[in-house]
Amino acid sequence: MAKKQKLKIIPLGGLGEIGKNITVFEYGNDIVVLDCGMAFPDEEMPGIDLVIPDITYLSKNKDKIRAIVLTHGHEDHIGALPFFLKEINVPVYGTNLTLGLVQNKLKEYNILSKIKLVRINAGSTFKAGCFTFEAIRTNHSIADSVAYAIKTPVGTIVHTGDFKIDTTPINGEMVDLTRFGELGKQGVLALMSDSTNVERPGYTMSERTVGSTLDSVFSSTKKRIIIATFASNVHRVQQIINAAHKCGRKVAVSGRSMITVLEVATSLGYTTIPEGVLISIDDIKKYRPSQLTIITTGSQGEPMSALYRMAFSDHRKVEITKDDLIVVSANPIPGNEKLVSNVINELFKKGAEVIYDSSSMHVSGHACQEELKIIMALTKPKYFIPVHGEHRHLMIHGELSTVMGVDKKNVFILENGNVLEMTGDSAKINGTVTAGNVLVDGLGVGDVGNIVLRDRKHLSHDGLIVITTTISASDLKIASGPAVVSRGFVYVRESETLMEEIENIAKATTEHLLNNNVRDWTTIKNATKAKVSEHIYQQTKRNPMILPVIMEI
């Protein structure tokens, strides 16, 4: 009797962390990848530009991959696509705005002409290998977001993507709850649901509530209004443009990502800009403060962002004055609170008025507890797999599902790399595959690993000492040096005694080994490093990186 095949669900990123969302669905000889996102580096990754998922498993199985399917256009769901597609060229399925943003990204990496992009709409059905995908309309903080019902040979999997239930969305219709209910009646084997806001009780407020707050801000000031928000939140940007237009203000845009997203959203009809409202940032000096609104990036305090540069007087076009009202229209992402606080403090120092109360100026794009319960109640899944969020979010969401009637043994809290095997009547975690972070630094992808990061952190904490010694190979004598150079450790002119002691210890150690006929330079370097390190710690209680260099003549 032939062995019954199983569906494998393998998250390679996005579980127990913020960002880097990517999930593998595999059955027999068919693999489909859902989303392919990136994350931003944290303070433990000095010098790193981006963090992308490790796709070693997919590279080994590239012949089985039939498609990449996208839920929406946020960077944590599409940001790693150029790196993936350079290695594995497969069709990419997504909605209109999502693929508009992808197109722009692939153009930057000069691979757009090589990639097949397939546009779908909410309600569309398409096949990829043995899988049939049905896109279901949802609401999120970016337009054109969809969930998917994935018909597999063992049953239907519903993946919500990032979502909330917004009954009064800015553009389009509310989430298609009817379809979720119909799928529940037909039978859902497993639900994979967004866990980001699971700690929050109740419901997430509608995006439309921000509009009325914006209207009152615009109508109550004669100052120049500068609003920082996420570039991808085209609904928010549209509401800012509407509020500015009502008050007869011109709108200028600052920040590369903001300009890019607005161009894409406008060309595809997701943003409507009344004629004559949009002006170049170069022309803002032609208008009085009461006639101007500037929409900018930098709501997260990112050091290279437009708002950050304005705050620290480093922006070429915008100088902050007491005639400015600045609105930060976004919640700080966990870990960014200090960055945001620094920028707000600098803006206050410049005399600007700053509104940063996130409760009135920002609403989340993610579902709170009651919305998560509604999706569970409608789909009635046999198995539940919480996704998108840190580990505590997954655990809390798992507990919430048991309250909604899912059997505790049918709740799977997965980690990146876990292989969940499913049939129509069984599910279990069976092994792991390679999963983790690949670090992007400039043009280098994956060439910075843990050892390099450790060295960078060491250098940033304690500095560097280079000890250069020239040795005569013919008679094994020191020809010159040791010469000591310090960077980021101590100020040499104020620490001459310590520098002399380091030179003397390095010289004595090297001479001792040479006199004992040691010709292995590595042995000499290691001994010098150990002796100098010990002395420095005794004198300063510091551990700088010590780099002995031997030059042979």
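Which residues of helix 12 (residues 369-379) are buried? They are Q369, E371, L372, I375, M376 and T379, where buried means under 20% relative accessible area, exposed means over 50%, and partly exposed lies in between (1.4 Å probe, protein chains only). Helices (H or I, at least four residues) and strands (E, at least two) are DSSP runs, numbered from the N terminus.

Before going on, please note that this is a predicted model, in which local features need pLDDT of at least 70, side-chain atom pairs count only at pLDDT 80 or more, and totals for chains, interfaces and linings use all residues. Residues are numbered from 1 along each chain as its sequence is written, and side-chain values use heavy atoms, with hydrogens and water left out.

Back to helix 12. Its buried residues pack against helix 5 (177-186), strand 12 (190-194), strand 18 (383-387) and helix 13 (391-403), contact being heavy atoms within 4.5 Å. After helix 12 comes K380, with a positive phi near 45°.

Now to helix 15 (residues 496-515). Its 20 residues reach 28 Å from the first C-alpha to the last, close to the 28 Å expected at 1.5 Å a residue; the expected span is 1.5 Å times one less than the number of residues. The table shows how its residues are placed.

| Helix 15 | Residues |
|---|---|
| Buried | L498, M499, I502, A506, T509, T510, L513, L514 |
| Exposed, on the other side | E496, T497, N504, H512, N515 |

The buried residues of helix 15 are L498, M499, I502, A506, T509, T510, L513 and L514. They cover an arc of only 135° around the axis, so they sit on the same side of helix 15; the arc is that of the directions from the helix axis to the C-beta atoms. Their cover includes strand 23 (464-472), strand 24 (477-487) and helix 16 (521-540). Following helix 15 is N517, whose phi is positive, near 60°.

The model also holds an open sheet of eight strands, in the order 7-6-5-3-2-1-19-20, with mixed pairing. Strand 7 (117-119) and strand 20 (427-432) are the edge strands, each pairing on one side only; two strands pair if DSSP finds at least two bridges between them. Inside this order, strand 3 (residues 30-34) and strand 5 (residues 65-69) run parallel over four bridges, and V32 has A67 in strand 5 as its bridge partner.

Finally, the cysteines. A disulfide is a pair of cysteine sulfur atoms within 2.5 Å, and the count by this rule is zero. C130 is partly exposed at 24% relative accessibility, and C247 is partly exposed at 35%.
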